[in-house]
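Please have a look at the model first.

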Amino acid sequence: MATKLQPVRVTGVGDKLIQEFAGAASTGHGEVSVARMTAPPGWDEPGQRPEFDEVTYVLAGEIVVEHEGGSTSVTAGEAVLTRAGEWVRYSVGDSGADYIAVCAPAFTATGAHRDDVES
């Protein structure tokens, strides 16, 4: 039976709105999470070395993904894949960004291993 999913607001870093449709916080799924992110202009978050792979698909605006090899700009209609265990830091430019994040296994704040929380 198909179940229509309603998003659950998840607390993020700063003023970013996170609406999780499936995942640990919303549906109890541990294998995968799907969330829509809306980041205001100039938003950024601490670096992290997550326990999950993440595919980020940008709907509008631009995100910048800093990584150990440099940085990658991702704009509307593009996607980026980051791997579990890889250090990354996400930020957006002056226009902000709207994007979808799919994490496997599912995102958890503990599993993100953010720099400011777990140095």
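R83 is partly exposed, with a relative accessible area of 47% (buried means under 20%, exposed over 50%, partly exposed in between, with a 1.4 Å probe and protein chains only). This is a predicted model, where local features need pLDDT of at least 70, side-chain atom pairs count only at pLDDT 80 or more, and totals for chains, interfaces and linings use all residues. Residues are numbered from 1 along each chain as its sequence is written, and side-chain values use heavy atoms, leaving out hydrogens and water.

**Salt bridges**
- The whole structure holds 6 salt bridges (a side-chain nitrogen of Lys or Arg within 4 Å of a carboxyl oxygen of Asp or Glu).
- R83 pairs with D53 in one of them, with the closest N and O atoms 3.0 Å apart.
- That pair links R83, in the loop between β6 (79-82) and β7, to D53 in strand β4, 30 residues apart; strands are DSSP runs (E, at least two residues), numbered from the N terminus.
- D53 is partly exposed at 24%.
- D98 and R36 meet in a salt bridge at 2.4 Å, N to O.
- D98 is buried, at 14%, while R36 is partly exposed at 32%.

**A network**
- D44, E66 and R89 are linked in a network of salt bridges.
- Within this group, R89 and D44 have their closest N and O atoms 2.6 Å apart.

**Nonpolar surface**
- V32, V55, L81 and V102 make a nonpolar surface patch of about 260 Å².
- Such patches use residues with over 30% relative accessible area and no salt bridge, joining nonpolar side chains (Val, Leu, Ile, Met, Phe, Trp, Tyr) within 5 Å and like charges within 9 Å.
- V55 lies in strand β4 (residues 53-67) and is partly exposed at 38%.

How values were computed: Accessible areas come from the Shrake-Rupley method with a 1.4 Å probe; for residues, only the protein chains shown count as cover. Helices (H or I, at least four residues) and strands (E, at least two) are DSSP runs, numbered from the N terminus.
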